[in-house]
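I set out to record what I looked up in this structure, entry by entry. The notes begin with a helix, move to a strand and its partners, and end with the nonpolar core.

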Amino acid sequence: MTDQDHLLDLFSADYATARARWLALAGARGLAVESHLHPLRGPAGELLAVDVVRDGPADAPNVLLTTSGVHGVEGHVGCGIQAGLLRMGPRELGDEATALVHVHAVNPYGFAWTRRVTQENVDLNRNFIDFGQPLPDHPDYAALHPLLLPERWPPTAGNETALAAALDAMGPRRAQIAITKGQHSHRDGLYYSGVEPTWSHRVFREVLRRHAGSCQRLAWIDLHSGLGPFGVGERIFACDDGVHALQRARRWWGERVTSVHTGTSTSIPMTGPIQHAVYGECPQAEYTGICLEFGTIALPQMLFAQRAEHWLAEHPEADPGLARSIKRALRDAFYPDDEAWKRAVWSQGLEATRQALAGLRQSP
Ligand SMILES: [Zn+2]
């Protein structure tokens, strides 16, 4: 088998293939898979699960966590990278003391059904908030909602003109925040944060407690796609505590680690990112994490693909041909069927992993 075959082998066209590959790879390595079965099934009736593999010592003081499919459909890229890492294993990665904990398809429902969100229509990376507190208003989103999700699809020219005018009036950054920050008011809307912890949220906390609840140092690479230049992996700082963790992240992953708080990232500050769970479940650990975000298509096309798919979720009566083309476009938006892209994604995922392992080893 050539290197090229090996590489293309990592990535899967659908969730069921990715899961079968994952279970087979773990089996080949003799590793146990801890499967958290989802209450629903996939489109072909297949089982859905969050499948955790711990690759390394049970009592390791250092843990490197990888996560895929927090945004379901982005599991194509994340699970591909995890497959490569699991195939290599600690010896080939040059570190047998650290435990790699791979959480495969954190939002398996979204991956299987080609949705970015969970079965609750929730953006899982906006769902880690304190639901005991009053939920904030987000009037900018509320103003855009009817324009983002019109009654009919494709949208009319009048709809698109009105939306473009509203976004122009806000300016690009405020408009991006308006749409993607996370909102609680529209259950059927885009970037919905939810009003309670989702199924994936609860499972993920349990996994964190079990696998990182007593380690000393925790590194985390959360794998995403859809923002930024084609094939470029942006390393977005993903810790809540500012200065020290950011310095550490830049020592490990380079000065190009960006931050949503300083405007150096293509992403924006959001409500309830998943990293919040670390502070609740692993307070003992020194935590350093990034979101590794691989660029695909331009933001306006990305927004259009997401609007269409949300519209479709609310319109099950839609023409089957239209439904298929909307789903296909969403998958292509997050997972380009392009060999150079996959090659670039894998090499950057591997590099970031090696850097995290080296960083953990060097920490005092
Ligand atoms: Zn994402």
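I counted a residue as buried if 20 or more other C-beta atoms lie within 10 Å of its own. The model is predicted.

Entry 1, helix α13. By the burial criterion, I found Lys342, Val345, Trp346, Gly349, Ala352, Thr353, Ala356, Leu357 and Leu360 to be the buried residues of α13.

Entry 2, strand β4. I noted that six of the six residues of β4 (residues 99-104) are buried, so the strand is largely enclosed by the rest of the structure. In a regular strand, side chains alternate between the two faces of the sheet. In β4, Ala99, Val101 and Val103 point one way, while Leu100, His102 and His104 point the other way.

I looked up the pairing with β2 (residues 47-55) and found it antiparallel, over five bridges; Val52 has Val103 as its bridge partner in β4. Strand β3 (residues 62-67) pairs with β4 in the parallel sense over five bridges, and Thr67 stands opposite Val103. From β3 the chain passes through helix α3 (residues 75-93) to β4, a right-handed β-α-β crossover.

Which members of the largest nonpolar core touch the most other members? I found Val63, Leu65, Ala212, Leu218 and Ile290, out of 92 residues. Not counting residues up to four places away in sequence, Leu218 touches Val63, Leu65, Ala212, Val278, Cys282, Ala285 and Tyr287.

Methods
Residues numbered from 1 in each chain as written. Predicted model: local features only at pLDDT ≥ 70, side-chain atom pairs only at ≥ 80, totals over all residues. Buried ≥ 20, exposed ≤ 12 C-beta atoms within 10 Å, placed from the backbone. Helix = DSSP H or I, 4+ residues; strand = E, 2+ residues; numbered from the N terminus. Pairing = 2+ DSSP bridges. Right-handed = clockwise from strand over helix to strand, strands pointing away. Core = buried A, V, L, I, M, F, W, Y, C linked by C-beta atoms within 7 Å. Contact = placed C-beta atoms within 7 Å.
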